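Hi everyone, thanks for coming.

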Protein chains: 2
Amino acid sequence: MAFNFKIIKRGKNTQARLGVITTSHGSFHTPAFIPVATAASIRALDFNDLKNLGAEVVLANTYHLHLRPGEKLINKFGGLHKFMGWDGPIVTDSGGFQVFSLGFGVEHNIGKMGWFPNEGERARKDSDFPQNKDNQKPEISREKKFAHVDGNGVSFIDPMTGKKVLLTPKISMQIQSDLGADIIFAFDECTSPLHDEVYTKDSLERTHRWAKESLKHYNKKQALFGIVQGGLFKNLRQESAKFIGGLPFAGFGIGGPLGGSKKDMENILDWTIPLLPRNKPVHMLGIGAVEDLFNCVEKGADMFDCAAPTKWARRGHLYISPQAGGTRINKFRINIDNAKFREDRKPIDPYCQCPTCRAYSRAYLRHLFTAKEISYFRLASIHNLHFMLELMRELRESISNNSFLKLKSVWLSIKI
Amino acid sequence: MAFNFKIIKRGKNTQARLGVITTSHGSFHTPAFIPVATAASIRALDFNDLKNLGAEVVLANTYHLHLRPGEKLINKFGGLHKFMGWDGPIVTDSGGFQVFSLGFGVEHNIGKMGWFPNEGERARKDSDFPQNKDNQKPEISREKKFAHVDGNGVSFIDPMTGKKVLLTPKISMQIQSDLGADIIFAFDECTSPLHDEVYTKDSLERTHRWAKESLKHYNKKQALFGIVQGGLFKNLRQESAKFIGGLPFAGFGIGGPLGGSKKDMENILDWTIPLLPRNKPVHMLGIGAVEDLFNCVEKGADMFDCAAPTKWARRGHLYISPQAGGTRINKFRINIDNAKFREDRKPIDPYCQCPTCRAYSRAYLRHLFTAKEISYFRLASIHNLHFMLELMRELRESISNNSFLKLKSVWLSIKI
């Protein structure tokens, strides 16, 4: 296994830390934001764009690639790196979250941002995502789930073909071996905040059993990360951190609160990170909001993946820094669809140095968005990803300079 | 008026010629293929892509920009160059063709490729475009046209707002002045092959009257091209070439056969070009098929614009050169949707040096196309535009080397 995590510096008065992860496809700096190439493509971008943005690592989704084009095809090409033309480090998830999306995610009306794969590219309003508002619990939906869990794994219906598909720890490891990523994840079951303690405990036992099975079946050339689950229950999260932390994983993922509040997320970090071996990296699964990044880094997380920057971009929501008016209230975003930008000559963020901001005005981007021009999606995604990657660079610099808490206070407008 | 057309070399045994057109925004070489930025964007690309492809000039559509975002907004930004971020030469059409699309184009079931603006981005099969097959006349459709012509101009219903819009020569000149392109076109009426001689003659009289009105009202800082029409009638085309050729235009557009055959197009060129002043450039409106480019250049045309390369790209049809198996029969295209490309490691065209062919396999592009990944549209459009621009470079070189007919014989597999 070509995998090394080197901690370069620890933060002052925080759990934040600066590190470098080295794989056989090169290194990346932590804390790292990892752009998501769901189906072997960062949506609307090509990998040359990503290199130009300074991204060092990408995450692809096992579930999507298993269904289309299939891991066997990708393996014939020598794996994901060669198939999609990205020679840097690659992470794959285990398929567990997508299976949750198809299962209780449907029944409990939860998706990280309230949508499901392949639902098309129509711009929607914030109000379409009620579950995205803090402290508002999702409600049970009348839609029927189409994934079913048993002790051995999860069976679900492929929404595109209607065929039954089975995922187990062994199958997930086999798929991820064929895909050939540098860092892979154990197969787990996500739970929702609507699950009671009995179900969550039951599910956690499965996740722990599956963690051991994943360890047994994974390709030893890859670095396998275990996943800590346990819903919003302190005792279960602690139990999970101890159990998973005690297994010989290369690093640890922590399942997010999935529909829970920001406070729920902070609790999860407080309960789990102190119980994990601190010489190994911690990956927050599916986390990518500005405020969350600050809080998670402060509490000791090293890696983040999230499709939100490109998803928001496609829906017209473009990130702005505090200098340009970004706050926790507006979630550091403007909605380019707003008529007030019709004649706005400024770039999205006047302080941004991304290729989009250097070349185009808000008025032009709004025109492209309104006219549904395909070019909009790429220009907007370039900006939002640049914003995230740049934020992480600033954040790493602040750890290096012992100014992390100051940077956080500026961004989140809070007193230190 | 900053406009100059310099003929550098005339072809041997053909009417082909090599030239340079100079505007206040720089020069471009002729024969030139001009990519179409319909709504101030080359669909799926940004202008940086276009520069990297070596494009020297672009064409934008007056009709689309008038409706959205409106020429007044663009003018506030200092015109199209500044609004869309392209500092090279720009051409705008007059709106005549789009008005035809909404009018008799609907009734006669004709669009250049059988579709209409903003109909979405779904891939379609060749068989969806029966009128695209040679020598097959379009049939009268039961759909009602929504543009109406009278002596003064054309009124039509904006399909997006339902509001009535009026275009006249004076209004078209005013819009094109606000847009601020380097080369603009006189307002004309297109006719279809289903129009009889009586209607076509009537229409031609309007087009001629509108040509004189366009000359009266245009912004004298721009270079105005007149348009030769006359349907498929030799006498009318000749009359039009003489009339339009006798007016003080900077160059001439020739309306294509619009649903007619390749033979119809060759006839039109034979009837008109010899009657036009040969010291001025000739622009073939909406022409962009490989075979047509060879025939039109041979007969003396200098400029071509067509949205086909990017439209075909979006629908999965990717150009290949003769070395890679491109012929008149397959129209120099492969359909990337075809299952035979599922495991194909070759680039689209192994002899192509475009960024897409240098980085990606047919299998990967087919995966992106099948998965409806937005990135596909850009990668495919880059290839198809590169192909067209490269073909024009080869074509210009062949005129320079006196090998045009040889090049044509290789591409079209015909004996010299």
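This is a predicted model: local features need pLDDT of at least 70, side-chain atom pairs count only at pLDDT 80 or more; totals for chains, interfaces and linings use all residues.

Okay, the two chains. If you rotate by 180 degrees, with 0.0 Å of shift along the axis, chain A superposes on chain B, and the RMSD is 0.0 Å. That's the relation of a two-fold axis. If you want to find that axis on the screen, look for A:I374: in chain A, its C-alpha is the nearest to the axis, 3.9 Å from it. And the same surface serves both copies, with 100% of the contact residues of chain A recurring in chain B.

So what goes into that contact? Chain A gives 32 residues and chain B gives 34 residues. On the chain A side, helix 3 (71–76), helix 4 (80–84), helix 14 (362–370) and helix 15 (374–400) each supply at least two residues. As for the kinds of residue on that side of chain A, we have 18 nonpolar, six polar and eight charged.

Now over to chain B and its sheet. A quick reminder: strands of a sheet pair through backbone hydrogen bonds, either parallel or antiparallel. Here we've got eight strands in an open sheet, with parallel pairing, and going across the order is 4-14-13-12-11-10-6-5. At the edges you find strand 4 (32–34) and strand 5 (58–60) of chain B, each pairing on one side only. From one strand to the next, the twist averages 25 degrees.

Let's zoom in on one pair. Strand 6 (residues 90–92) and strand 10 (residues 183–185) of chain B pair in the parallel sense over two bridges, and there you can see B:V91 standing opposite B:I183. There's also a helix to spot here: helix 9 (residues 234–245) of chain B lies across strand 11 (223–228) and strand 12 (251–254), running at about 160 degrees to strand 11.

Staying in this sheet, have a look at B:M284, which is in strand 13 (residues 282–284) of chain B. Is B:M284 buried or exposed? Well, B:M284 counts as buried, because it has 26 C-beta neighbours inside 10 Å, and the cut-off for buried is 20 or more. Leaving out residues up to four places away in sequence, B:M284 touches B:I254, B:G256, B:C296, B:A301 and B:F304.

Strand 8 (residues 154–157) and strand 9 (residues 164–167) of chain A pair in the antiparallel sense over four bridges, with A:F156 opposite A:V165. These two strands form a hairpin with six residues between them, and A:G162 in the turn has a positive phi of about 80 degrees.

And finally, helix 16 (residues 404–412) of chain A. Which residues are buried in helix 16 of chain A? They are A:F404, A:K408 and A:W411. What covers them includes helix 11 (290–298) and helix 15 of chain A.

Notes
Residues are numbered from 1 along each chain as its sequence is written. Chains are lettered from A and ligands numbered from 1 in the order in which they are written. A residue is buried if 20 or more other C-beta atoms lie within 10 Å of its own, exposed if 12 or fewer, and partly exposed in between; C-beta atoms are placed from the backbone. Two residues are in contact if their C-beta atoms, placed from the backbone, lie within 7 Å. Ala, Val, Leu, Ile, Met, Phe, Trp, Tyr, Cys and Pro count as nonpolar, Asp, Glu, Lys and Arg as charged, and the others, Gly among them, as polar. Two strands pair if DSSP finds at least two bridges between them. Axes are lines fitted to C-alpha atoms, for helices over the stretch in contact, and angles run from 0 to 180 degrees between N-to-C directions. Copies are superposed by least squares on the C-alpha atoms of residues with pLDDT of at least 70 in both.
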